[in-house]
Amino acid sequence: MVLLALFEPSAGGTRGQPSQVAHLDELRRSFRRLQDDLSSLAYAAYLAELTDLCVPEEEPHERIYEAVIDTFTLLEQGIVPAAQIARWHELRILDLMGFRPELDSCVRCRRSLELGMTGAGLGFSVVGGGALCPACRSG
């Protein structure tokens, strides 16, 4: 049986070291219902690993920890598709780490991006840090 639970962040120790053991009184929330859906469980494992890799070990990040709880809660509820929840969590982590991409307007011409502009029409500029409108994408 696999148990998925979140423990309060503990001070000291290093990631991956056996000395970093969570005690039962540190248990904050269990997500046992995620075990019933393999897809949601896989997304939860991916997002936990992604978050772990993005967050520096020595720095407390309570807001990121809360974002993980929110994400796992949404996955457990099963109302929103897991892939959408994953994209939301990825953007949330980027935002909380100070790397939020510009998604409201084109990073090249500053034209506002409409909700209907989706799919092949839009582009993304890694250098610019955000979305490109159809005109700037093709030009």
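**Exercise 1.** Is Arg33 buried, partly exposed or exposed?

*Solution.* The model is predicted. Step one: take the relative accessible area of Arg33, which is 55%. Step two: apply the cut-off, where exposed means over 50%. Arg33 is therefore exposed.

**Exercise 2.** Find the salt-bridge partner of Arg33 and say which parts of the chain the pair ties together.

*Solution.* Step one: the partner is Glu76, with the closest N and O atoms 3.6 Å apart. The cut-off is within 4 Å, so the pair qualifies. Glu76 sits in helix H2 (residues 62-77). Arg33 sits in the loop between strand E2 (27-30) and helix H1 (38-54). The bridge therefore ties together parts that are 43 residues apart in sequence. Step three: check the accessibility of Glu76. Its relative accessible area is 11%, and Glu76 is buried.

**Exercise 3.** How many salt bridges does the structure hold? Locate those formed by Arg87 and Arg92.

*Solution.* Step one: the count is three. Step two: Arg87 pairs with Glu90 at 2.7 Å, N to O. Both residues lie in helix H3 (residues 82-96), three residues apart, about one turn of the helix. Step three: Arg92 pairs with Asp95, the closest N and O atoms being 3.5 Å apart. Asp95 and Arg92 are also in helix H3, and about one helical turn separates them because they are three residues apart.

**Exercise 4.** Classify Arg87, Asp95 and Arg92 by accessibility.

*Solution.* Arg87, at 40%, is partly exposed. Asp95 is partly exposed at 31%. Arg92 is partly exposed at 26%.

Definitions and conventions. Residues are numbered from 1 along each chain as its sequence is written. This is a predicted model: local features need pLDDT of at least 70, side-chain atom pairs count only at pLDDT 80 or more; totals for chains, interfaces and linings use all residues. Side-chain values use heavy atoms; hydrogens and water are left out. A salt bridge is a side-chain nitrogen of Lys or Arg within 4 Å of a carboxyl oxygen of Asp or Glu. Helices (H or I, at least four residues) and strands (E, at least two) are DSSP runs, numbered from the N terminus. Buried means under 20% relative accessible area, exposed over 50%, partly exposed in between (1.4 Å probe, protein chains only).
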